Amino acid sequence: MSRADATPPFPGLRAWWTMLVICLEERLAYRGDFILGTAMRFLPIVTQVFLWTAVFAATTRSDIAGYSRTDIVAYYLLTMVTRAFSSMPGLAGGIARSVRDGSIKKYLVQPVDYVSFLLAARIAHKLVYYLVAIIPFAAVFFVCRGYFPPVPDAATIGAFTLSLVLSFLLGFFMEATLGMLGFWFLEVSSIIFAYMLVQYLLSGHMFPLDMLAGVPTGLAGVSVADVVRWLPFEYTAYFPAAVWLGKIRGAELARSLAIEAAWVVAMAVACRIAWWRGTRRYSAFGG
Amino acid sequence: MHNSSGEARAPAAVIEVEALAKSYRVFDKPEGLAASVRSLFHRPSRVVEALKGVSLAVGRGEFVALLGPNGAGKTTFLKLLSGIITPTRGTARVLGHVPWERADDFRRRFALVMGQKNQLWWDLPAAESFRLHREIYRIEPARFERTRDELVDLLGVRKLVLQPVRDLSLGERMKLELVAALLHEPEVLFLDEPTIGLDVVAQHALHRFLAHIQAERRMTIVLTTHYMKDVAALCRRAIVITDGSILYDGSLDQIVDRFTTHKIVTLDLDDTPDAAEFARLGFPCEIRGPQVTLRIDRQRIADVLPEILRGRQVRDVSVEDVPLEEIVAELFRSGAVAPARVPEEARA
C-alpha cells in the first residue's frame, strides 16, 4: 500500500496526541459537571477538620504523633492535591462497563492500543479538571495559608512534583488493572468498592500514615507503617503530602520515590497482562 | 450458474474459511431462591454451538449477503472474520491474515460497521472522529481529505460533519459511521445489519452508496441482514445460514430456482368466480373477489395455463416467482430443505 510511504515520523505518538486533543474537546463539553464535582470534594475535608478540632479540644497535648492541629489541616489539604492527581473516578467502572456492553470491540477491530487510549483520555480528564478546579483550590489554599509551614526548598518541590506525576500514573494503572477484572467478572462494582475502602485506609487519605509507626504488627521491630510503606497505596495520598511537609527527606525520600516508581512499572505491566489475557478470554468465551 | 462467482473466487480469495466453528458456554439462571443459592456454588451451563463448521471462500470484489434468522450465527461469523473472537475449531484467513491474531497490518486493511454500535464519538462532531481515524490508520493528509470529501458528498452529509453526533438522526449517524469506516479505504468491509431501524429512504440511500463504492473500489463486502431488500438490491451471492450451518451458497436467482417448485399465477376476472371450479384443478388456490391466485407446479404451468384461460373473461394475468422473502422465510423456518436441493459447496 502506498499509504505507508507517507507515514510521518512517530505515527504512534501522533495518533496518541490526536487522541489526547480529542479527549480534551470531549471533556470540555462536560465542564459544567466538573464545577459541581469540585465543590463537593471539599466537603469531606471540612468534616475531617471539625473532627480533629474536637480531638485536639479533648486533649491537653499539643501534638498527636507529631502533628499539631495546624499540621493536620495542612496535611488534609495537601492530600486533596495528591488525590486530584491519583484518583481516577469512573476509570475501573468504565472499563468494566465497556466489556459488558461490548463497546470494547471497537478497540479490538481498530489498530489502536486501548491502554494508551485510556491514558490519553485520563490525562485530558485531569487537565480539564485542573482548569476548572484551580480556582476553588487556590481560594481554599489562600484562606488556609496560615496552616502551612513555609514553602520548602526547590529540591523538595521537585521531589513533590515528581511524586505527584508518579501518583497519577500509579493511580491510573491500578484502577485500569482493576477495571480489566471485568473480563472475568460480570460485576466488578463490589471489587471496586473493596479496593476503595482499602485505598482510603492505607493511602493516608483518612489519617497521616506515620501515625501507624507506633502500631506493632507482632513481628519484632516491624510496625504497620513499615509494612504500608512497601504497599502502593500510600503513594497515592500520604507520600506527596508528607514530602511537601518535609517529613520525608534525604535517603529516605530517594528510597520512597524509587519504591513508588517501581510500583508504577509493576502496575503498568500488570495492566498490560490483564488486557492481554482479558481480551484473549473475551475472544474465546464472549464477544 | 450459482458458481458464476466461483471462477473469480478460486485464484484471488480474500476470505478463506475452513470448517470454522464457534461454541459458547452459556449459564442457565435457574428459577427460585433455593436454586439461586445453589448456583452460587455450581452454575449449570451448557454449550451452544453458534457456528458448526462453516467453509467458504470469497473473492476480491465480491458483495456477499449473509442471510439468516436471529441467532443463526451470522454475527458470530462476522466477529470471527474481524478478529473479535477466536474460533473453537477451524481456520480462517482474511487478506492473508488470521483475523484473531489482530495484527495492526490486518486491522488497517478492513473495517467493521455494526448497525447497533457506534464507533463515532458521541458528544463530538464526526469530523473529530474522522481526524482520529486519519492518525490511527495513518492516512496521508491529502489522501484523507480527498477520500473524506468524496464519501461525504456521495452520502450528502457534508453539512452534518460539524454537528455533535448525538444530535443526528439514526440514518444520518449511519451514513457518517460508513464514512468513518471507509476513510482508510479498507479492502474488506464487514457490515452487520447496517440498515437496521432505518426508514425506507435512508435504506435506499445507503444501498445506492454501497453499490457505487463497492463497484468503484472493487471492495470485498460481506453484509449480514434479514431484510431481503438489502440483498436483492446489492448482492449477487447470498449465503443462507441457519442454526450455525450454511444452508445455501449461491446466486439469488438460483435460490428461487432451487427452492421453489411452483409459480404464482394471478388472474383478474370480470366477476367473482365459482370456487369449486378452480378447486377442481387441484392446485392451492385463493379467491378474493374477482381475483384468483393459484400456486402451480413449474413444470406443468405451460400445460395448465391455457386450460385455465380457456373460455374465461380474463382482464389480466400474471405469472410470478414466489417472492424471495417467502422462500427465505421458509428456508429459515424449516432449516431442513430436501437434502438433494442443497448445493454441493454448502455441504462441504
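This briefing walks through a predicted model with chains A and B. Local features are given where pLDDT is at least 70 and side-chain atom pairs count only at pLDDT 80 or more, while totals for chains, interfaces and linings use all residues. Residues are numbered from 1 along each chain as its sequence is written, and chains are lettered from A in the order in which they are written. Helices (H or I, at least four residues) and strands (E, at least two) are DSSP runs, numbered from the N terminus.

**Chain B as a whole**

- Chain B contains 14 helices and 13 strands, and its C-alpha trace spans about 75 × 60 × 50 Å along the principal axes.
- Chain B is divided into domain 1 (6–257) and domain 2 (261–321), with bounds that come from an automatic or database domain assignment.
- Taken over C-alpha atoms, the centres of domain 1 and domain 2 of chain B are 44 Å apart.
- Of the 348 residues in chain B, 39% are buried; a residue is buried if 20 or more other C-beta atoms lie within 10 Å of its own, exposed if 12 or fewer, and partly exposed in between, with C-beta atoms placed from the backbone.
- Among the contacts in chain B with a separation of 6 or more, 74% are between residues 24 or more positions apart; two residues are in contact if their C-beta atoms, placed from the backbone, lie within 7 Å.

**The six-stranded sheet of chain B**

- An open sheet of 6 strands in chain B has the order E5-E6-E7-E3-E8-E9, with mixed pairing; two strands pair if DSSP finds at least two bridges between them.
- Strand E5 (110–114) and strand E9 (245–251) of chain B stand at the edges with a single partner strand each, so one side of each has no neighbour in the sheet.
- From one strand to the next, the twist averages 15°; axes are lines fitted to C-alpha atoms, for helices over the stretch in contact, and angles run from 0 to 180 degrees between N-to-C directions.
- Strand E3 (residues 63–67) of chain B is mostly covered, with 5 of its 5 residues buried.
- Phe63(B), Ala65(B) and Leu67(B) point one way from E3(B), Val64(B) and Leu66(B) point the other way, and all are buried.
- E3(B) runs parallel to strand E7 (residues 220–225) of chain B, joined by 5 bridges, and Val64(B) has Val222(B) as its bridge partner in E7(B).
- E3(B) also pairs in the parallel sense with strand E8 (residues 237–242) of chain B over 4 bridges, where Leu67(B) stands opposite Val240(B).
- Strand E6 (residues 188–192) of chain B is parallel to E7(B), with 5 bridges between them; here Val188(B) stands opposite Thr220(B).
- Helix H7 (residues 170–182) of chain B lies across E5 and E6 of chain B and runs at about 165° to E5(B).

**The three-stranded sheet of chain B**

- A second open sheet has 3 strands in the order E2-E1-E4 (chain B), and its pairing is antiparallel.
- Its edge strands are strand E2 (45–59) and E4 of chain B, each of which pairs on one side only.
- Neighbouring strands of this sheet are turned by 25° against each other on average, direction ignored.
- Strand E1 (residues 13–27) of chain B is joined to E4(B) by 5 bridges, and Glu16(B) stands opposite Arg93(B) in E4(B).

**Where the chains meet**

- In all, 25 residues of chain A are in contact with 27 residues of chain B.
- Helix H1 (11–28), helix H5 (105–109) and helix H11 (250–285) of chain A each supply at least two residues of the side of chain A that touches chain B.
- H1(A) gives the most to that side, with 8 residues.

**A helix of chain A**

- H11(A) has 36 residues and reaches 52 Å from its first C-alpha to its last, close to the 52 Å expected at 1.5 Å a residue; the expected span is 1.5 Å times one less than the number of residues.
- Buried residues of H11(A) include Leu253(A), Trp263(A), Met267(A) and Tyr282(A).
- Among the elements covering the buried residues of H11(A) are helix H4 (91–101) and helix H6 (114–143) of chain A.
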